[in-house]
Amino acid sequence: MHGTLHPRRLFMSTQQYRNNFLREVEANVEEGEWVKMCMQCGVCSGSCPLGPHWEHPPQEIFMMIRAGKRDEVLGSSSMWMCTSCYNCIARCPRELPITHIMHGLAHYAKRLGLMPKNQPTQKFSQLFWDNLVKKGRVNELKLGLSLYFMNGFSEGVKTAMKMQKIGLGMYKTKRMSPFEMFGGHGCKDSKGLQAILKKASEIEEAKVAKFQG
Ligand code: SF4
Ligand code: SF4
């Protein structure tokens, strides 16, 4: 009986039950090879603070992957709502790395251009990524400002005015400096970082092309 098997042994014994979409997820999504391990107990969805408000909480997403519902899964906004609180991972009896799978699915949907449009969390992810990769460290001042202004200039001014006390507090406690606007900290080898990112992107694209071709 499956209940008596260790998760890793069960993982090996379920290889034959994979549909095309499950195979695609296993090949392209971070930790995707764990999806078939889900026993649909619902603990993750019950533990997720936001799950009840999502179109599809994690348990449902995993069931849909196994049912081959590619468009519904990759076009879902649910993965974009995960706040990485790790409640689900801490409680899953099958030890699935649920948080990583959710982020992996969101990333994969984005690479394929299938993610839902006008997703605020997707906008934030992109701003964060663009900010981070420039120098290998997040420039908090620029990130904050780009967030304020992501929905237009007047909206940005209103938000900046609303947040000025917090900004001032961060400045006083040396959590932020206006000089970050003119550079800010970076990692030691930013050229090396760019080379690593370029290589990683090439490997990912080759994997997707191989799977789709
Ligand atoms: S807690 Fe784990 S086994 Fe249970 S439904 Fe969620 S992912 Fe599946
Ligand atoms: S890590 Fe994400 S999916 Fe898991 S409980 Fe938290 S918000 Fe929900």
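User: Let's start with L114: which residues is L114 in contact with, leaving aside its neighbours within four places in sequence?

Analyst: First, what counts: contact means heavy atoms within 4.5 Å. Once neighbours within four places in sequence are set aside, L114 is in contact with R70, L74, G75 and A109. A word on the ground rules: residues are numbered from 1 along each chain as its sequence is written, with chains lettered from A and ligands numbered from 1 in the order in which they are written. This is a predicted model, where local features need pLDDT of at least 70, side-chain atom pairs count only at pLDDT 80 or more, and totals for chains, interfaces and linings use all residues, while side-chain values use heavy atoms, with hydrogens and water left out.

User: Where is the place of L114, and how far is L114 from S76 in sequence and in space?

Analyst: Elements here are DSSP runs numbered from the N terminus: helices are H or I with at least four residues, strands are E with at least two. L114 sits in the loop between α7 (98-111) and α8. C-alpha to C-alpha, L114 and S76 are 8.9 Å apart, though 38 residues separate them in sequence.

User: Is L114 buried or exposed, or something in between?

Analyst: The scale goes like this: under 20% relative accessible area is buried, over 50% is exposed, and partly exposed is in between (1.4 Å probe, protein chains only). L114 comes out partly exposed, because its relative accessibility is 34%.

User: How about N139: where does N139 lie, and what does N139 touch?

Analyst: N139 lies in the loop between α8 and α9 (140-148). With a relative accessible area of 10%, N139 is buried. Not counting residues up to four places away in sequence, N139 touches N131, E180, G183 and G184.

User: Zooming out, how many helices and strands does the chain have?

Analyst: The chain has 12 helices and 0 strands. Of its 213 residues, 31% count as buried. For contacts in the chain with a separation of 6 or more, 65% come from residues 24 or more positions apart. The accessible surface, taken from the Shrake-Rupley method with a 1.4 Å probe (for residues, only the protein chains shown count as cover), comes to about 13,300 Å², and 58% of that belongs to carbon and sulfur atoms.

User: Now the ligands. How many residues surround ligand 1?

Analyst: The cut-off first: a residue is near a molecule or strand if one of its heavy atoms lies within 4 Å of it. For ligand 1 that gives 13 residues, the closest being C38, C41, G42, C44 and C92. The elements giving two or more residues to this shell are α3 (43-47) and α4 (58-66). As for classes, Ala, Val, Leu, Ile, Met, Phe, Trp, Tyr, Cys and Pro count as nonpolar, Asp, Glu, Lys and Arg as charged, and the others, Gly among them, as polar. On that basis, the shell of ligand 1 has 10 nonpolar, 3 polar and no charged residues.

User: And which residues are around ligand 2?

Analyst: Among them are C48, C82, C85, C88, W54 and Y86.

User: How many aromatic pairs does the search find?

Analyst: Rings of Phe, Tyr and Trp (its six-membered ring) pair if their centres lie within 6.5 Å; planes under 30 degrees apart are stacked, over 60 edge-to-face, and the rest tilted. The search finds 2 aromatic pairs. F124 and F128 have ring centres 6.0 Å apart and planes at 45 degrees, so that pair is tilted. Both lie in helix α8 (residues 120-135), 4 residues apart, about one turn of the helix. F149 and F153 also form a tilted pair, at 5.8 Å centre to centre and 35 degrees between the planes. F149 is partly exposed, with a relative accessible area of 30%, whereas F153 counts as exposed at 64%.

User: Last one: what is the phi of E31 and of Q40?

Analyst: Most residues other than glycine have a negative phi. E31 has a positive phi of about 60 degrees although it is not a glycine, and Q40 likewise has a positive phi of about 60 degrees. E31 is in the loop between α2 (20-28) and α3, and Q40 is in the loop between α2 and α3 as well. E31 is partly exposed at 26% relative accessible area, and so is Q40, at 26%.
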